[in-house]
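Please look over the model below before reading on.

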Amino acid sequence: MSFLILYYISIIFASLFPKSKKLRFCLFFCRKAWYTIHIFPGRGAIMTWFTDLIHNPFFITSVSSWAIAQVLKVIINFIVTKELSWERLFGDGGMPSGHSATVSSLAMFSALVYGTGSFQFAVCGILAIIVCHDAMGVRLETGKQAQMLNEMIRIVEVLSKQDLPEVKLKELVG
């Protein structure tokens with residue numbers, strides 16, 4: 001029953017965001033999972049991995065953190081631009097970082113459950129440090145490149161006395 005609900009929710013979101021590859025994958029996955037359990041009941045044991053996954057507190061915590069970060073992106077973008085942009089819900093970039101929120105919550109949850117001396121926390125902590133550092137560096141460099149390209153476009157417009165197509169690049173990526 002829960003797969004059917006997920007399937008219908010995926011259909012609704014897929015109709016709202018037809019270009020989203022992530023939603024199309026979710027729709028495909030939910031449909032396949034529902035068929036596996038209901039159309040081929042003998043193969044239902046194969047899907048125990050999925051029920052284990054959705055009952056895993058580490059997975060739920062990480063996905064919930066990602067979802068909260070994405071919703072906050074929409075809210076913050078609305079406050080700043082006074083424009084409701086639902087693309088921010090599934091889009092990459094911007095603050096808060098969904099990637100960083102996911103790995104940080106995983107590291108924190110593993111520290112709370114297993115302790116900071118465990119190998120589980122060590123793996124999750126190192127992964128969180130790498131992802132957060134990489135995200136910070138990519139955002140910084142992308143912002144610098146966008147500033148430089150916007151300045152180059154402005155100079156070309158001034159020198160050519162001709163308006164170029166309006167393409168303002170995001171200088172504040174994160």
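Where in the structure is the place of Ile-75? Ile-75 sits in helix H4, which covers residues 57-81. Keep in mind that this is a predicted model.

**Nonpolar surface patch**

- Ile-75 has a relative accessible area of 41%. That value falls between the 20% and 50% cut-offs, so Ile-75 is partly exposed.
- Ile-75 also belongs to a nonpolar surface patch of about 940 Å².
- Other members of the patch include Ile-68, Val-71, Leu-72 and Ile-76.
- Phe-78, Ile-79, Val-80, Leu-84 and Trp-86 are among the patch residues too.

**Aromatic pairs**

- How many aromatic pairs does the count come to? The count comes to two aromatic pairs.
- Phe-58 lies in helix H4, and Phe-109 lies in helix H5 (residues 98-114). The pair therefore ties together parts that are 51 residues apart in sequence.
- Is Phe-58 buried or exposed? Phe-58 has 16% relative accessibility, so Phe-58 counts as buried.
- Phe-109 has 23% relative accessibility, so Phe-109 counts as partly exposed.
- Phe-58 also pairs with Tyr-114, with ring centres 5.6 Å apart. The planes of Phe-58 and Tyr-114 are at 0 degrees, so the pair is stacked.
- Phe-58 is in helix H4 and Tyr-114 is in helix H5, so this pair ties together parts that are 56 residues apart in sequence.
- Tyr-114 counts as partly exposed because its relative accessibility is 42%.
- Phe-58, Phe-109 and Tyr-114 form one aromatic cluster.

**Cysteines**

- How many disulfides does a search of the whole structure find? The search finds zero disulfides.
- Why does Cys-124 count as buried? Cys-124 has 13% relative accessibility, and buried means under 20%, so Cys-124 counts as buried.
- Cys-132 has 27% relative accessibility, so Cys-132 counts as partly exposed.

Notes:
Residues numbered from 1 in each chain as written. Predicted model: local features only at pLDDT ≥ 70, side-chain atom pairs only at ≥ 80, totals over all residues. Heavy atoms only, no water. Disulfide = S-S within 2.5 Å. Buried < 20%, exposed > 50% of the residue type's maximum accessible area, 1.4 Å probe, protein only. Patch = residues over 30% accessible without salt bridge, like charges linked within 9 Å, V, L, I, M, F, W, Y side chains within 5 Å. Areas by Shrake-Rupley, 256 points an atom, 1.4 Å probe, with all protein chains shown as cover. Salt bridge = Lys/Arg side-chain N within 4 Å of Asp/Glu carboxyl O. Helix = DSSP H or I, 4+ residues; strand = E, 2+ residues; numbered from the N terminus. Phe/Tyr/Trp six-rings, centres within 6.5 Å; stacked < 30°, edge-to-face > 60°.
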